[in-house]
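Here are a few friendly notes to read with the structure open beside you. Each point takes up one topic.

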Amino acid sequence: MSVQTLITLSNAHLAFGHHALLDGANLSIQEGERIGLIGRNGSGKSSLLRILDGRIQADDGEVSRLSSLRSITVEQEPVLLEDKTVYENLVGNILESEDWSRPARAQAIIDRLGLDPESIVKSLSGGTRKRIALARGFLEEPDLLLLDEPTNHLDFDGILWLEELIRNSRSACVIITHDRRFLDAVTTRIVELDRGILHSFPGNFSKWQEQKAAWLAAEQLQNERFDKFLAQEEVWIRKGVEARRTRNEGRVRRLESLRRERSERRERVGNVNFAIASGERSGKLVAELKNIHHAFGDKVVVNDYSTTIMRGDRIGLIGPNGAGKTTLLKIILGLLQPDQGDVKLGTNLSIAYFDQMREQLDENAPLTDVINPGSEWIEIGNQRKHVMSYLGDFLFSPARAQSPVHSLSGGERARLLLARLFARPANVLVMDEPTNDLDIETLELLEELLQAFDGTVLLVSHDRSFLDNVITQTIAYEGSGRWHDYVGGYDDWLAQRPEPVAELSKAVMADSNSKAQADGTSSKNAASGSGTSDTSKGVASAHETATQAKARTAKPGRLSTWEQKELDDLPNKIAALEKEQHDLSDQLANPDLYAAGNEKAQGINDRLAKIDDELMALFERWEVLEAKIA
């Protein structure tokens, strides 16, 4: 059976003013394929979707569609029937479509998402509204589904639910997203919009990365050869009078053509130039929370939580929408007083806060005033920069410097807030959903900056790749206001966390299973590394509670794959800690250690105390796993 072509773009052109978004672009979309559309912020991806669904016309070129083509677009900020119920938004008017199975399919999605079908849409959160809009698009069962940043506002459960919907749908999909793991999970082809041209790469995002590196190297080599040849011809045309008299007119015409070709070449836009001054170092302790409890009315968001955050920690907060991640952040920073418990903040803290809702931006202020009001100069470490040059580092041209904030796109707003954030010295970076609206290249540069930052990072994000690449510790929500500490990033949390309770996601469990099948179960666990004793205790406690509860219902002799791997690794981990303990004890017995005072000895004693706690946690975990088998 032949595969139909749904839509074809041939030599398409589109420009706004002097800026060409499409410059002779070509694209064909086949039925059933899933295309990830990527490119720099402002490159024209959303405009391309509008051409595909017919909302706007290309300036030039040809757009051919299958005569019976049905397409649906789900925008970044979807429009719903605000005064209607969830059920009414999903079902619509079945008398017009004669889709008699739609109510049953709609009810199945409502049940899957745990929604109240009678809830009025205008009272719902942004994440729930996004799910309803996406579900409505899939319920229409179109030939072509166009999704613009579908993962924005979704938590992990929502993202995994969407991955499942896309993989099981018969609709062809074109998806604009910067979520690299999402692209890997759902796409069959990557199409990049780069300087007005569409480049197609078969496979998912990881395959694209491999091919794109080779393609860029080849493009650079070709440009270098062209420029060298052009320079040689320019030297020839400028020779003396004798040479000009005998010059070849055909060669002159070729030179003119080469000049035109070079002038029309669109250079690749430079990368954002990130730099941040960490300022003075904070104290060793950043924050200590003891038995924190906080609630809003009857809803408990933090229930008896304790943790210690030290200088240099890079911590991610993981949990579903509405769990209270932002609330917990504010408690950690001393911006919100908890109902119960003690919060101790460290000394010399200089905090920079990236706000999820972009509330820090004055909509009418010019960009220069947002960055540094009242001054034209910015101090970044030991470097002094003019505000116009600094804005250029974040890809804002001088012509845009006096533009008001309200004229910016979502990606430009995110870049502006990063520019504002990094314009001030800070030793604690707090980033609440910084990845929304950032293109992939900017995301990767931000990852490099945070990895190299010598201060403390507190991060809330639903970008799984970003979390894995940046954070070294995780604070995870586990239902009923309970939070627990884990070592590592998102995948490490998947491997370590206890069985999810009713409030937590079945889809996250599926993500854990699929990750284990694809990559092998993670060998990292709660006791690995030399994290703080509080972290080790939290991990051990979380494991013990979960496994003891599971052991009451599990059959004897049954361990999950990751539990068996963890049990196999425990003797080596214990042996390594005991060896370290023995070596440190030998150092304490050496009189030379005390020659320069007691500071080194105190440090060794502190480490020995932590080793005791870590060994205790490992032995307790061993007992739990052995008891489960016996």
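1. Gly44 is buried, at a relative accessible area of 10% (buried means under 20% relative accessible area, with a 1.4 Å probe and protein chains only). This glycine sits in the loop between β3 (34-39) and α1 (45-52); helices are DSSP runs of H or I with at least four residues, strands are runs of E with at least two, and both are numbered from the N terminus.

2. A word on the source: this is a predicted model, where local features need pLDDT of at least 70, side-chain atom pairs count only at pLDDT 80 or more, and totals for chains, interfaces and linings use all residues. Residues are numbered from 1 along each chain as its sequence is written, and side-chain values use heavy atoms, leaving out hydrogens and water.

3. What does Gly44 touch, leaving aside residues up to four places away in sequence? Its contacts (heavy atoms within 4.5 Å) are Leu21 and Leu193. Phe16, 28 residues from Gly44 in sequence, lies 9.9 Å away, C-alpha to C-alpha.

4. Now to the largest nonpolar core, which has 47 residues (a core is a set of buried Ala, Val, Leu, Ile, Met, Phe, Trp, Tyr and Cys residues joined through side-chain atoms within 4.5 Å). Helix α14 (residues 410-422) gives the largest share of this core, 7 residues. A second, separate core of 28 residues includes Val74, Leu80, Val86 and Val186.

5. Helix α6 (residues 156-168) is largely enclosed by the rest of the structure, because 10 of its 13 residues are buried. Among them are Phe156, Trp161 and Ile166.

Definitions and conventions. Buried < 20%, exposed > 50% of the residue type's maximum accessible area, 1.4 Å probe, protein only.
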